[in-house]
Amino acid sequence: MNAPASVDIPRPALLAAIFVFNFIEFLSTGMTVFAAPAIMGHIGASPEEYATVSALYAAVAVLSISQLTVLMQRLGWRNYLLGAVLCYMFGAWLCATSGSVAAFAGGRLLMALGGGVFMTVSRMMVNLIPPSPQRLQGIAAFGGALSAGLALGPWLASRMLAHEAWGGMFLALALLAALGALIAARWLPQDAVTLDGSPSRMHLPDAVLLGAGAAVTLYALQHLTYDWHGERAPLMGHLALGVGLLAAFGVLHARRSDPFLHLRILKSSRYRLGLLIFSVCYAVLGIVNTLLPQVVQKGLGVGLEQAGELQGIGLLSTVVAFMAMLELVKRKPHPTKFYVTGFLFLALLAWRFATLDPRAHAFDAVQLWFGLFGAFLTLGMATTAIHSFKDLQADNVVFSNAQQLKNMLGQAGLALGVGLANIGLQERTALHSSRLAEKATALPDGGLEMARQAGLLAGQDLFWVVMWVGLAGAVLLAMQRRFD
């Protein structure tokens, strides 16, 4: 058993490292999802090409996360992080200076290879704090980065795009990674302290099956939008092949005596429920991030820059929600109330956008409501980080593997959410367009107003679905007893 070790690192430096590396993860997600149409225009990528790049990014991130413990045991905290940051910075520079799909894809793959692990590394740094109530400081830094990244991502992206400096998004991420590297080089240990037991092996056949399965599955999920109405049979074939490869990985890897992922962690019912909740949160993140620009820009007639400001300023209340949660968890840590409140917030947010009046003023109508989305993600993800791993904390290597698997599924959840949202938007937009066309007698504006109305109605339809997901989640989590 790998007992927790005592590490002599100045607490401010450790908390700063935890914050920076997790902040990069959520800032990057917020910026790249919000700015996707602008990025496609600058590099000349079709939606299908951009979806393929996104699928490959997620697949490389999954493979990188899966090898975190193996590589850190061999390289140590400092060398591992410095190598990861160097790879990430080079990839970010390639993205910032790219003018073609190939160059951008290469940069994104390098970013995934180096930075796909940042969220997992950030959470594992919390375990460098000896077991005590002081670990809550690490959780606070971790959750604070999540909240701040969610809020600032869309706002910063909109500012960069307004100044026609889309590459600046990636340079900002590179600068943050450089800051993390400076902290790692100065204060993090050279050895693999807290991860120096239960030695793991890379197992190349297993890694190939995992990487190939993730790539094919995520490719299919990302292309749901484009192939569902046309090449549906090949699409489902890719999905079946990807799932089959992942199943083969699971069967083979479960028999290993020294695996790089201890799959026995799935025996914990508490952990399985945490995995499900976290994956749902990531899928909802993909769905809502896809729907919000559709409804806000088309429904309220605001531009990209103003939409980013609305979303960023509104999501700042996420930080307030997390601070309130921290104060409450010290006295009443039971997670059910946090989960139920979070899913009710999601339902309330979805109801607001499903009933949005396009005649309303943008800031008055939606600005404060964005905070409900951030509060949902904060309560869902932070509560999972605190409570889902209690059965696995005796061995830090097993605990690390549990974090790795959780974040690997998060990548799949995000891709699934984006794919499902885009399919729904296509279906409902086509339906509303045909209905509106039947009633229209003349289209003096070339049909632009009809397209805007159809897009708004499609987004509102899907927000009704999200509302029911929030209500169902609140009811089911109120009834669960695995966290008792």
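What is the volume of the largest pocket? In this predicted model, the largest pocket has a volume of about 1,100 Å³. Its lining is made up of 43 residues, and those closest to the centre of the pocket are Val-33, Ala-36, Thr-290, Val-418 and Asn-422.

At least two residues each are supplied by helix 1 (11-34), helix 2 (36-43), helix 3 (47-66), helix 5, helix 10 (224-227), helix 12 (269-300) and helix 18 (396-439). Helix 18 provides the largest share, with nine residues. Sorted by class, the lining of the largest pocket comprises 23 nonpolar, 17 polar and three charged residues.

A further element to consider is helix 13, which covers residues 304-315. From the first C-alpha to the last, the 12 residues of helix 13 reach 16 Å, close to the 16 Å expected at 1.5 Å a residue. The buried residues of helix 13 are Ala-307, Gly-308, Leu-310, Gln-311, Gly-312, Gly-314 and Leu-315.

The average pLDDT of the protein is 86, and 93% of the residues score at least 70. Among the elements of the protein, helix 5 (residues 101-115) has the highest mean pLDDT, 96, whereas helix 16 (residues 362-366) has the lowest, 62. Over residues 1-5 the pLDDT is below 50, and this stretch has 16 contacts in the model beyond near neighbours in sequence. Where pLDDT is low, the predicted coordinates should not be read in detail.

Technical notes:
Residues are numbered from 1 along each chain as its sequence is written. This is a predicted model: local features need pLDDT of at least 70, side-chain atom pairs count only at pLDDT 80 or more; totals for chains, interfaces and linings use all residues. Side-chain values use heavy atoms; hydrogens and water are left out. pLDDT is the predictor's confidence in each residue, from 0 to 100. Helices (H or I, at least four residues) and strands (E, at least two) are DSSP runs, numbered from the N terminus. Contact means heavy atoms within 4.5 Å. The expected span of a helix is 1.5 Å times one less than its number of residues. Buried means under 20% relative accessible area, exposed over 50%, partly exposed in between (1.4 Å probe, protein chains only). On a 1 Å grid over the protein atoms alone, a cavity is a set of points where a 1.4 Å probe fits but cannot get out, and a pocket is an open set with protein on both sides within 12 Å along at least five of seven lines; lining residues have an atom within 4 Å of a point. Grid points are joined across faces, edges and corners, and a volume is the space filled by probe spheres set on the points. Ala, Val, Leu, Ile, Met, Phe, Trp, Tyr, Cys and Pro count as nonpolar, Asp, Glu, Lys and Arg as charged, and the others, Gly among them, as polar.
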